[in-house]
Amino acid sequence: MLDQILQELPRFFSYYNLLFFAKALGVTFALSAIGCVVGFSLGFLLAAVRLDSRPAGRPLRIASTVFIELFRRIPFLVTLMLVFFIFQGLNADLAMFTVALISVCLIATAFIAEIVRSGLESVHRNQWDAAAAMNFTYLQTLRLVIIPQAWKIILPPVFGFFVLFIKDTALASQIGVVELAFAGKTMNNKGFSAALVYGTVLALYFMLSYPLARFGKHLEKKLAPTRNR
Amino acid sequence: MPQLEIVDLKANYGAHTVLERINLSVEKGEIVSLIGPSGSGKSTLLRVLMGLLPPIEGQVRIDGESLDYNDREQLRRIRSQMAIVFQQYNLFQNMTVLDNVTVAPIKVKGRPRKQVEDYAIQLLEKVGMGAKLQAYPDQLSGGQQQRVAIARALALQPGILLLDEVTAALDPELVNEVLDTVRLLAAEGMTMFIVSHEMGFVREVSSKVVFMADGHVVEIGGPRQIFDEPREARTRDFVGKILRH
(Lines give C-alpha, C1' and ligand atoms only; values in the text may rest on other atoms or scores of the structure.)
Protein backbone atom coordinates (compact mmCIF):
# COMPACT_ATOMS: atom_id res chain seq x y z
CA MET A 1 0.00 0.00 0.00
CA LEU A 2 2.87 2.31 0.83
CA ASP A 3 4.37 1.65 -2.60
CA GLN A 4 1.08 2.56 -4.22
CA ILE A 5 0.84 5.79 -2.22
CA LEU A 6 4.41 6.75 -3.09
CA GLN A 7 3.67 6.06 -6.70
CA GLU A 8 0.55 8.23 -6.64
CA LEU A 9 2.16 11.12 -4.80
CA PRO A 10 3.49 13.17 -7.74
CA ARG A 11 0.20 12.83 -9.61
CA PHE A 12 -1.84 13.50 -6.48
CA PHE A 13 -0.02 16.71 -5.64
CA SER A 14 -0.31 18.13 -9.15
CA TYR A 15 -1.01 21.83 -9.50
CA TYR A 16 -4.70 21.35 -10.35
CA ASN A 17 -5.30 18.89 -7.55
CA LEU A 18 -3.67 21.22 -5.06
CA LEU A 19 -5.83 24.07 -6.36
CA PHE A 20 -8.89 21.86 -6.01
CA PHE A 21 -8.03 21.03 -2.39
CA ALA A 22 -7.18 24.65 -1.64
CA LYS A 23 -10.56 25.77 -2.95
CA ALA A 24 -12.33 23.06 -0.94
CA LEU A 25 -10.37 24.05 2.13
CA GLY A 26 -11.40 27.65 1.50
CA VAL A 27 -15.06 26.62 1.38
CA THR A 28 -14.80 24.60 4.61
CA PHE A 29 -12.95 27.49 6.21
CA ALA A 30 -15.53 30.04 5.05
CA LEU A 31 -18.47 27.90 6.24
CA SER A 32 -16.79 27.32 9.60
CA ALA A 33 -15.48 30.84 10.16
CA ILE A 34 -18.64 32.67 9.09
CA GLY A 35 -20.74 30.11 10.99
CA CYS A 36 -18.66 30.66 14.14
CA VAL A 37 -18.67 34.46 13.94
CA VAL A 38 -22.37 34.77 13.06
CA GLY A 39 -23.28 32.02 15.52
CA PHE A 40 -21.30 33.66 18.30
CA SER A 41 -22.75 37.13 17.68
CA LEU A 42 -26.37 36.08 17.18
CA GLY A 43 -26.05 33.42 19.88
CA PHE A 44 -25.05 36.09 22.40
CA LEU A 45 -27.90 38.31 21.25
CA LEU A 46 -30.48 35.53 21.58
CA ALA A 47 -29.16 34.50 25.00
CA ALA A 48 -29.36 38.12 26.19
CA VAL A 49 -32.92 38.42 24.85
CA ARG A 50 -33.87 35.15 26.51
CA LEU A 51 -32.60 36.23 29.92
CA ASP A 52 -34.24 39.66 29.84
CA SER A 53 -37.09 39.34 32.32
CA ARG A 54 -38.76 42.70 31.58
CA PRO A 55 -42.40 42.30 30.54
CA ALA A 56 -41.85 44.28 27.32
CA GLY A 57 -39.31 41.74 26.14
CA ARG A 58 -41.76 38.82 26.34
CA PRO A 59 -42.53 38.38 22.59
CA LEU A 60 -38.83 38.45 21.68
CA ARG A 61 -38.06 36.11 24.58
CA ILE A 62 -40.61 33.57 23.36
CA ALA A 63 -39.37 33.85 19.76
CA SER A 64 -35.74 33.30 20.74
CA THR A 65 -36.63 30.38 23.02
CA VAL A 66 -38.60 28.69 20.23
CA PHE A 67 -35.76 29.25 17.75
CA ILE A 68 -33.10 27.87 20.11
CA GLU A 69 -35.10 24.86 21.27
CA LEU A 70 -36.15 24.01 17.70
CA PHE A 71 -32.81 24.24 15.92
CA ARG A 72 -30.88 22.48 18.67
CA ARG A 73 -33.11 19.47 18.18
CA ILE A 74 -33.00 19.18 14.38
CA PRO A 75 -30.07 17.24 12.89
CA PHE A 76 -27.77 19.39 10.78
CA LEU A 77 -28.52 17.39 7.65
CA VAL A 78 -32.26 17.96 8.12
CA THR A 79 -31.71 21.71 8.61
CA LEU A 80 -29.65 21.74 5.45
CA MET A 81 -32.38 19.98 3.47
CA LEU A 82 -35.04 22.20 5.02
CA VAL A 83 -33.24 25.40 4.01
CA PHE A 84 -32.50 23.93 0.58
CA PHE A 85 -36.14 23.01 -0.11
CA ILE A 86 -37.60 26.17 1.40
CA PHE A 87 -35.51 28.33 -0.92
CA GLN A 88 -36.32 26.02 -3.80
CA GLY A 89 -40.02 26.37 -2.97
CA LEU A 90 -39.66 30.14 -2.97
CA ASN A 91 -37.98 29.95 -6.37
CA ALA A 92 -34.98 31.75 -4.90
CA ASP A 93 -31.98 31.01 -7.04
CA LEU A 94 -29.37 30.64 -4.33
CA ALA A 95 -25.94 29.10 -4.71
CA MET A 96 -25.51 25.83 -2.80
CA PHE A 97 -22.80 27.52 -0.78
CA THR A 98 -25.29 30.16 0.42
CA VAL A 99 -27.79 27.46 1.38
CA ALA A 100 -25.09 25.66 3.37
CA LEU A 101 -23.96 28.93 4.93
CA ILE A 102 -27.47 29.83 6.10
CA SER A 103 -27.85 26.35 7.58
CA VAL A 104 -24.56 26.43 9.50
CA CYS A 105 -25.40 29.90 10.85
CA LEU A 106 -28.81 28.71 12.08
CA ILE A 107 -27.32 25.70 13.84
CA ALA A 108 -24.37 27.59 15.32
CA THR A 109 -26.62 30.38 16.60
CA ALA A 110 -28.97 27.96 18.35
CA PHE A 111 -26.21 25.94 20.01
CA ILE A 112 -24.08 28.90 21.05
CA ALA A 113 -27.11 30.77 22.38
CA GLU A 114 -27.73 27.87 24.75
CA ILE A 115 -24.09 27.69 25.85
CA VAL A 116 -24.06 31.46 26.46
CA ARG A 117 -27.36 31.35 28.34
CA SER A 118 -26.11 28.71 30.73
CA GLY A 119 -22.85 30.66 31.16
CA LEU A 120 -24.65 33.90 31.95
CA GLU A 121 -26.99 32.13 34.36
CA SER A 122 -24.04 30.58 36.17
CA VAL A 123 -23.04 34.01 37.50
CA HIS A 124 -24.45 34.36 41.01
CA ARG A 125 -27.82 36.09 41.30
CA ASN A 126 -26.35 38.52 43.84
CA GLN A 127 -24.26 40.13 41.09
CA TRP A 128 -27.46 40.99 39.22
CA ASP A 129 -29.01 42.35 42.44
CA ALA A 130 -26.01 44.56 43.18
CA ALA A 131 -26.01 45.94 39.65
CA ALA A 132 -29.78 46.56 39.72
CA ALA A 133 -29.52 48.31 43.10
CA MET A 134 -26.92 50.65 41.58
CA ASN A 135 -29.14 51.52 38.63
CA PHE A 136 -27.20 49.62 35.98
CA THR A 137 -29.28 49.09 32.83
CA TYR A 138 -29.76 45.52 31.63
CA LEU A 139 -27.10 45.95 28.96
CA GLN A 140 -24.65 47.58 31.39
CA THR A 141 -25.19 44.69 33.80
CA LEU A 142 -24.42 42.18 31.08
CA ARG A 143 -21.46 44.07 29.61
CA LEU A 144 -19.73 45.24 32.78
CA VAL A 145 -20.58 42.56 35.33
CA ILE A 146 -22.08 39.33 34.02
CA ILE A 147 -20.30 38.62 30.73
CA PRO A 148 -16.78 39.20 32.12
CA GLN A 149 -17.55 36.65 34.84
CA ALA A 150 -19.24 34.22 32.48
CA TRP A 151 -16.33 33.94 29.97
CA LYS A 152 -14.67 31.14 31.88
CA ILE A 153 -17.88 29.11 31.75
CA ILE A 154 -18.76 30.03 28.17
CA LEU A 155 -15.45 29.75 26.30
CA PRO A 156 -14.44 26.08 26.75
CA PRO A 157 -17.76 24.62 25.51
CA VAL A 158 -18.03 27.25 22.75
CA PHE A 159 -14.64 26.31 21.33
CA GLY A 160 -15.43 22.64 21.82
CA PHE A 161 -18.55 23.26 19.78
CA PHE A 162 -16.58 25.12 17.10
CA VAL A 163 -14.28 22.13 16.61
CA LEU A 164 -17.27 19.76 16.28
CA PHE A 165 -18.92 22.28 14.04
CA ILE A 166 -15.99 22.44 11.55
CA LYS A 167 -16.38 18.70 11.13
CA ASP A 168 -20.15 19.00 10.71
CA THR A 169 -19.73 21.35 7.75
CA ALA A 170 -18.77 18.18 5.85
CA LEU A 171 -22.49 17.51 5.59
CA ALA A 172 -22.74 20.41 3.14
CA SER A 173 -21.28 17.96 0.61
CA GLN A 174 -24.72 16.29 0.63
CA ILE A 175 -26.18 19.17 -1.37
CA GLY A 176 -23.18 19.39 -3.67
CA VAL A 177 -21.06 22.04 -1.96
CA VAL A 178 -17.44 21.34 -2.82
CA GLU A 179 -15.83 21.43 0.59
CA LEU A 180 -13.14 19.18 2.02
CA ALA A 181 -15.17 15.98 2.42
CA PHE A 182 -16.62 16.41 -1.07
CA ALA A 183 -13.13 17.02 -2.47
CA GLY A 184 -11.92 13.84 -0.79
CA LYS A 185 -14.75 11.83 -2.29
CA THR A 186 -14.07 13.28 -5.74
CA MET A 187 -10.35 12.47 -5.59
CA ASN A 188 -11.09 8.98 -4.35
CA ASN A 189 -13.47 8.51 -7.28
CA LYS A 190 -10.69 9.67 -9.59
CA GLY A 191 -8.78 6.56 -8.53
CA PHE A 192 -6.43 7.84 -5.86
CA SER A 193 -6.06 5.56 -2.87
CA ALA A 194 -8.43 6.24 0.00
CA ALA A 195 -5.57 6.32 2.51
CA LEU A 196 -3.79 9.10 0.63
CA VAL A 197 -6.95 11.10 -0.07
CA TYR A 198 -8.52 10.89 3.36
CA GLY A 199 -5.12 11.22 5.04
CA THR A 200 -4.79 14.56 3.28
CA VAL A 201 -8.33 15.56 4.19
CA LEU A 202 -7.64 14.62 7.82
CA ALA A 203 -4.50 16.76 7.86
CA LEU A 204 -6.41 19.71 6.41
CA TYR A 205 -9.24 19.43 8.97
CA PHE A 206 -6.62 19.29 11.70
CA MET A 207 -4.96 22.41 10.25
CA LEU A 208 -8.26 24.23 10.60
CA SER A 209 -9.32 23.03 14.01
CA TYR A 210 -6.03 22.96 15.93
CA PRO A 211 -5.28 26.71 15.67
CA LEU A 212 -8.90 27.36 16.65
CA ALA A 213 -8.54 25.26 19.79
CA ARG A 214 -5.28 27.12 20.60
CA PHE A 215 -7.02 30.44 20.03
CA GLY A 216 -9.74 29.31 22.43
CA LYS A 217 -7.14 28.54 25.11
CA HIS A 218 -5.51 31.94 24.51
CA LEU A 219 -8.86 33.70 24.91
CA GLU A 220 -9.60 31.75 28.08
CA LYS A 221 -6.32 32.93 29.57
CA LYS A 222 -6.92 36.50 28.51
CA LEU A 223 -10.59 36.87 29.36
CA ALA A 224 -10.94 34.54 32.30
CA PRO A 225 -7.70 34.77 34.26
CA THR A 226 -7.43 32.81 37.46
CA ARG A 227 -5.89 34.76 40.30
CA ASN A 228 -4.97 33.32 43.63
CA ARG A 229 -7.14 30.22 43.42
CA MET B 1 -41.20 66.26 56.64
CA PRO B 2 -39.87 62.69 56.95
CA GLN B 3 -37.07 61.80 54.56
CA LEU B 4 -38.65 58.41 53.98
CA GLU B 5 -42.22 57.38 54.61
CA ILE B 6 -43.54 53.86 54.14
CA VAL B 7 -47.31 53.59 54.05
CA ASP B 8 -49.29 50.31 54.14
CA LEU B 9 -46.61 48.48 52.21
CA LYS B 10 -47.33 44.92 51.12
CA ALA B 11 -45.08 42.49 49.21
CA ASN B 12 -45.39 38.91 48.05
CA TYR B 13 -43.02 36.15 46.99
CA GLY B 14 -45.28 34.47 44.45
CA ALA B 15 -48.55 33.76 46.23
CA HIS B 16 -46.96 34.05 49.67
CA THR B 17 -47.30 37.39 51.49
CA VAL B 18 -43.98 38.32 53.08
CA LEU B 19 -44.69 41.89 54.17
CA GLU B 20 -48.03 43.31 55.20
CA ARG B 21 -49.22 46.77 56.24
CA ILE B 22 -45.76 48.13 56.92
CA ASN B 23 -45.92 51.73 58.16
CA LEU B 24 -42.79 53.58 59.09
CA SER B 25 -41.39 57.06 58.81
CA VAL B 26 -37.75 58.04 58.99
CA GLU B 27 -36.40 61.53 59.62
CA LYS B 28 -33.16 62.73 58.12
CA GLY B 29 -30.16 61.51 60.11
CA GLU B 30 -32.15 58.84 61.93
CA ILE B 31 -30.75 55.36 62.34
CA VAL B 32 -33.53 52.83 62.17
CA SER B 33 -32.74 49.27 63.15
CA LEU B 34 -34.94 46.38 62.10
CA ILE B 35 -34.86 43.44 64.49
CA GLY B 36 -36.85 40.26 64.72
CA PRO B 37 -36.62 36.52 64.25
CA SER B 38 -35.37 35.00 60.99
CA GLY B 39 -38.04 35.11 58.31
CA SER B 40 -39.78 38.09 59.87
CA GLY B 41 -39.30 40.20 56.72
CA LYS B 42 -36.46 42.54 57.77
CA SER B 43 -34.19 41.85 54.80
CA THR B 44 -37.22 41.61 52.54
CA LEU B 45 -38.22 45.13 53.57
CA LEU B 46 -34.81 46.40 52.45
CA ARG B 47 -35.12 44.51 49.16
CA VAL B 48 -38.55 46.01 48.62
CA LEU B 49 -37.25 49.52 49.36
CA MET B 50 -34.52 48.99 46.72
CA GLY B 51 -37.07 47.72 44.20
CA LEU B 52 -35.43 44.27 44.03
CA LEU B 53 -38.82 42.91 45.04
CA PRO B 54 -41.50 45.35 43.88
CA PRO B 55 -44.28 46.05 46.42
CA ILE B 56 -47.78 45.06 45.38
CA GLU B 57 -49.56 47.60 47.58
CA GLY B 58 -48.81 50.74 49.53
CA GLN B 59 -46.64 53.76 49.05
CA VAL B 60 -43.07 54.81 49.57
CA ARG B 61 -42.49 58.56 49.83
CA ILE B 62 -39.09 60.11 49.63
CA ASP B 63 -38.96 63.74 50.80
CA GLY B 64 -42.76 63.83 50.57
CA GLU B 65 -42.96 62.59 47.00
CA SER B 66 -44.74 59.31 46.40
CA LEU B 67 -42.74 57.11 44.02
CA ASP B 68 -43.99 54.24 41.89
CA TYR B 69 -41.75 51.14 41.76
CA ASN B 70 -43.36 49.98 38.53
CA ASP B 71 -42.32 53.12 36.69
CA ARG B 72 -38.76 52.67 35.42
CA GLU B 73 -37.86 56.33 35.67
CA GLN B 74 -39.20 56.62 39.22
CA LEU B 75 -37.46 53.39 40.20
CA ARG B 76 -34.21 54.92 38.97
CA ARG B 77 -34.86 57.93 41.20
CA ILE B 78 -35.57 55.71 44.20
CA ARG B 79 -32.33 53.81 43.61
CA SER B 80 -30.36 57.00 43.24
CA GLN B 81 -31.64 58.12 46.66
CA MET B 82 -30.84 54.88 48.45
CA ALA B 83 -27.91 52.49 48.47
CA ILE B 84 -27.78 49.01 49.95
CA VAL B 85 -24.97 46.95 51.47
CA PHE B 86 -25.77 43.26 51.19
CA GLN B 87 -25.16 40.53 53.73
CA GLN B 88 -22.96 38.65 51.23
CA TYR B 89 -21.23 41.89 50.10
CA ASN B 90 -22.11 41.19 46.43
CA LEU B 91 -18.92 42.84 45.19
CA PHE B 92 -18.36 42.46 41.46
CA GLN B 93 -15.90 39.56 41.31
CA ASN B 94 -14.41 40.67 38.00
CA MET B 95 -13.39 44.11 39.24
CA THR B 96 -10.70 45.44 41.54
CA VAL B 97 -11.64 47.15 44.79
CA LEU B 98 -11.25 50.58 43.16
CA ASP B 99 -13.32 49.59 40.11
CA ASN B 100 -16.04 48.17 42.34
CA VAL B 101 -16.36 51.54 44.04
CA THR B 102 -16.06 53.72 40.94
CA VAL B 103 -17.98 51.78 38.30
CA ALA B 104 -21.48 53.00 39.13
CA PRO B 105 -20.62 56.71 39.63
CA ILE B 106 -18.69 56.70 36.34
CA LYS B 107 -20.82 54.46 34.13
CA VAL B 108 -24.27 55.06 35.60
CA LYS B 109 -24.06 58.62 36.92
CA GLY B 110 -21.64 59.82 34.25
CA ARG B 111 -19.35 61.63 36.69
CA PRO B 112 -15.75 62.42 35.64
CA ARG B 113 -13.38 59.49 36.28
CA LYS B 114 -10.66 61.50 38.04
CA GLN B 115 -13.08 63.12 40.46
CA VAL B 116 -14.81 59.80 41.19
CA GLU B 117 -11.51 57.99 41.76
CA ASP B 118 -10.25 60.65 44.15
CA TYR B 119 -13.47 60.44 46.15
CA ALA B 120 -13.41 56.60 46.05
CA ILE B 121 -9.85 56.54 47.39
CA GLN B 122 -10.92 58.89 50.20
CA LEU B 123 -13.81 56.59 51.08
CA LEU B 124 -11.68 53.46 50.92
CA GLU B 125 -9.13 55.07 53.19
CA LYS B 126 -11.91 56.01 55.57
CA VAL B 127 -13.01 52.37 55.83
CA GLY B 128 -9.39 51.24 56.15
CA MET B 129 -9.06 49.75 52.67
CA GLY B 130 -6.81 52.35 51.10
CA ALA B 131 -3.95 49.86 50.69
CA LYS B 132 -6.01 47.36 48.72
CA LEU B 133 -7.17 49.41 45.76
CA GLN B 134 -5.98 46.95 43.12
CA ALA B 135 -6.99 43.77 44.96
CA TYR B 136 -9.81 41.57 43.71
CA PRO B 137 -12.66 40.56 46.04
CA ASP B 138 -11.51 36.94 46.22
CA GLN B 139 -8.18 38.15 47.61
CA LEU B 140 -9.87 39.84 50.59
CA SER B 141 -11.29 38.59 53.88
CA GLY B 142 -15.02 38.86 54.53
CA GLY B 143 -14.60 41.91 56.74
CA GLN B 144 -12.47 43.64 54.13
CA GLN B 145 -15.00 42.85 51.41
CA GLN B 146 -17.81 44.21 53.55
CA ARG B 147 -15.92 47.46 54.13
CA VAL B 148 -15.37 47.80 50.38
CA ALA B 149 -19.08 47.19 49.91
CA ILE B 150 -19.83 50.01 52.34
CA ALA B 151 -17.45 52.34 50.46
CA ARG B 152 -19.11 51.32 47.20
CA ALA B 153 -22.53 52.24 48.55
CA LEU B 154 -21.23 55.56 49.91
CA ALA B 155 -19.60 56.45 46.58
CA LEU B 156 -23.11 56.73 45.17
CA GLN B 157 -23.70 59.55 47.67
CA PRO B 158 -27.08 58.18 48.77
CA GLY B 159 -29.50 60.01 51.00
CA ILE B 160 -30.29 56.79 52.84
CA LEU B 161 -28.03 53.80 53.41
CA LEU B 162 -29.53 50.33 53.88
CA LEU B 163 -27.37 47.78 55.68
CA ASP B 164 -28.62 44.21 55.42
CA GLU B 165 -27.09 42.05 58.16
CA VAL B 166 -23.68 43.34 57.25
CA THR B 167 -21.92 41.35 59.94
CA ALA B 168 -23.89 38.10 59.66
CA ALA B 169 -21.49 36.42 57.24
CA LEU B 170 -18.35 37.46 59.12
CA ASP B 171 -16.13 35.66 61.57
CA PRO B 172 -16.56 37.10 65.08
CA GLU B 173 -13.15 38.83 65.05
CA LEU B 174 -14.07 40.67 61.85
CA VAL B 175 -17.42 41.96 63.12
CA ASN B 176 -15.97 44.92 64.96
CA GLU B 177 -14.04 46.31 62.01
CA VAL B 178 -17.31 46.60 60.08
CA LEU B 179 -19.30 47.91 63.06
CA ASP B 180 -16.66 50.60 63.61
CA THR B 181 -17.20 51.77 60.06
CA VAL B 182 -20.96 51.95 60.62
CA ARG B 183 -20.40 53.87 63.90
CA LEU B 184 -18.32 56.36 61.92
CA LEU B 185 -21.17 56.91 59.46
CA ALA B 186 -23.68 57.21 62.29
CA ALA B 187 -21.56 59.94 63.85
CA GLU B 188 -21.61 61.81 60.52
CA GLY B 189 -25.41 61.90 60.47
CA MET B 190 -26.08 59.47 57.63
CA THR B 191 -29.68 58.22 57.55
CA MET B 192 -29.51 54.47 57.86
CA PHE B 193 -31.68 51.39 57.91
CA ILE B 194 -29.89 48.60 59.70
CA VAL B 195 -30.91 44.97 59.82
CA SER B 196 -28.76 43.36 62.46
CA HIS B 197 -28.58 40.60 65.00
CA GLU B 198 -25.89 42.48 66.95
CA MET B 199 -28.25 43.68 69.68
CA GLY B 200 -25.59 45.55 71.64
CA PHE B 201 -24.72 47.49 68.54
CA VAL B 202 -28.37 48.12 67.66
CA ARG B 203 -29.00 49.47 71.11
CA GLU B 204 -25.94 51.70 70.93
CA VAL B 205 -26.41 53.36 67.54
CA SER B 206 -30.15 53.31 66.80
CA SER B 207 -32.45 56.25 67.16
CA LYS B 208 -35.41 54.01 66.42
CA VAL B 209 -35.83 50.25 66.68
CA VAL B 210 -38.49 48.38 64.73
CA PHE B 211 -39.42 44.90 65.90
CA MET B 212 -40.84 42.76 63.11
CA ALA B 213 -42.42 39.32 63.11
CA ASP B 214 -44.19 37.33 60.38
CA GLY B 215 -43.97 40.17 57.88
CA HIS B 216 -45.58 42.71 60.22
CA VAL B 217 -44.23 45.58 62.27
CA VAL B 218 -45.03 44.61 65.84
CA GLU B 219 -43.54 47.53 67.72
CA ILE B 220 -41.59 50.70 67.04
CA GLY B 221 -39.76 52.65 69.69
CA GLY B 222 -36.50 54.02 70.96
CA PRO B 223 -33.84 51.45 71.87
CA ARG B 224 -34.55 51.85 75.56
CA GLN B 225 -38.27 51.18 75.08
CA ILE B 226 -37.73 48.13 72.89
CA PHE B 227 -34.99 46.53 74.96
CA ASP B 228 -35.98 47.58 78.49
CA GLU B 229 -39.71 48.25 78.45
CA PRO B 230 -41.25 46.51 75.42
CA ARG B 231 -45.00 47.03 75.22
CA GLU B 232 -45.90 44.06 73.08
CA ALA B 233 -45.72 40.52 74.38
CA ARG B 234 -43.95 39.27 71.22
CA THR B 235 -41.27 41.92 71.52
CA ARG B 236 -40.82 41.06 75.18
CA ASP B 237 -40.52 37.40 74.30
CA PHE B 238 -37.96 38.02 71.52
CA VAL B 239 -35.87 40.49 73.47
CA GLY B 240 -35.99 38.25 76.54
CA LYS B 241 -34.62 35.31 74.54
CA ILE B 242 -31.95 37.40 72.82
CA LEU B 243 -30.70 39.05 76.00
CA ARG B 244 -30.54 35.74 77.84
CA HIS B 245 -27.91 34.53 75.33
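Q: A residue counts as buried if 20 or more other C-beta atoms lie within 10 Å of its own; with that in mind, which residues of helix H3 of chain B are buried?

A: This is a predicted model, and what follows is computed from its atoms. In H3(B), the buried residues are Val97(B), Leu98(B), Asn100(B), Val101(B), Thr102(B), Val103(B), Ala104(B) and Pro105(B). Those buried residues pack against helix H7 (138-168) of chain A, and also against helix H4 (113-126) and helix H5 (142-155) of chain B.

Q: How should I read the span of H3(B), and what comes just after the helix?

A: The span is read by setting the distance from the first C-alpha to the last beside the expected value. H3(B) covers residues 97-108, which is 12 residues, and reaches 18 Å, close to the 16 Å expected at 1.5 Å a residue. Just after H3(B) comes Gly110(B), with a positive phi of about 70°.

Q: Is H5(B) enclosed by the rest of the structure or exposed?

A: Here the count of buried residues along the helix is what matters. Because 13 of the 14 residues of H5(B) are buried, the helix is largely enclosed by the rest of the structure. Its reach from first C-alpha to last is 20 Å, close to the 20 Å expected at 1.5 Å a residue.

Q: What should I make of a positive phi, and which residue after H5(B) has one?

A: Most residues other than glycine have a negative phi. H5(B) is followed by Gln157(B), whose phi is positive, near 50°, and Gln157(B) is a residue other than glycine. Gln157(B) lies in the loop between H5 and strand E7 (160-164) of chain B, and it counts as partly exposed because it has 13 C-beta neighbours inside 10 Å.

Q: Where does Asn135(A) lie, and is Asn135(A) buried or exposed?

A: Asn135(A) is placed in the loop between H6 and H7 of chain A, and its phi, near 70°, is a positive value in a residue other than glycine. Asn135(A) is buried, because 20 other C-beta atoms lie within 10 Å.

Q: How many residues does the largest nonpolar core have, and which of them have the most contacts inside it?

A: In soluble globular proteins, nonpolar side chains tend to be buried together. In this model the largest nonpolar core has 133 residues, and those with the most contacts inside it are Ile84(B), Ala151(B), Leu162(B) and Leu163(B). The largest share of this core, 15 residues, comes from helix H5 (residues 96-122) of chain A. Taking Leu163(B) as a case, and leaving aside its neighbours within four places in sequence, one finds it in contact with Val85(B), Val182(B), Met192(B), Phe193(B), Ile194(B) and Val195(B).

Q: How many residues does each chain give to the contact between chain A and chain B?

A: A contact of this kind is read first by its residue counts and then by the elements that supply them. Chain A gives 17 residues and chain B gives 20 residues. On the side of chain A that touches chain B, the elements giving two or more residues are helix H6 (125-133) and H7 of chain A, and the largest share, 6 residues, comes from H6(A). The residues of this side of chain A divide into 8 nonpolar, 6 polar and 3 charged.

Q: How many helices and strands do chain A and chain B have?

A: Chain A has 9 helices and 0 strands, whereas the secondary structure of chain B comes to 9 helices and 10 strands. The C-alpha atoms of chain A fill a box of roughly 75 × 55 × 25 Å along the principal axes, and those of chain B fill one of roughly 55 × 45 × 35 Å. Of the 229 residues of chain A, 35% count as buried, while for the 245 residues of chain B the share is 44%.

Q: What can be said of Lys185(A) and Arg77(B)?

A: Lys185(A), in helix H8 (residues 180-189) of chain A, is partly exposed, with 17 other C-beta atoms within 10 Å. Arg77(B), in helix H2 (residues 72-81) of chain B, is also partly exposed, with 16 such atoms within 10 Å.

Notes
Residues numbered from 1 in each chain as written. Chains lettered and ligands numbered in written order. Predicted model: local features only at pLDDT ≥ 70, side-chain atom pairs only at ≥ 80, totals over all residues. Helix = DSSP H or I, 4+ residues; strand = E, 2+ residues; numbered from the N terminus. Expected span 1.5 Å × (residues − 1). Buried ≥ 20, exposed ≤ 12 C-beta atoms within 10 Å, placed from the backbone. Contact = placed C-beta atoms within 7 Å. Core = buried A, V, L, I, M, F, W, Y, C linked by C-beta atoms within 7 Å. Nonpolar A, V, L, I, M, F, W, Y, C, P; charged D, E, K, R; others polar.
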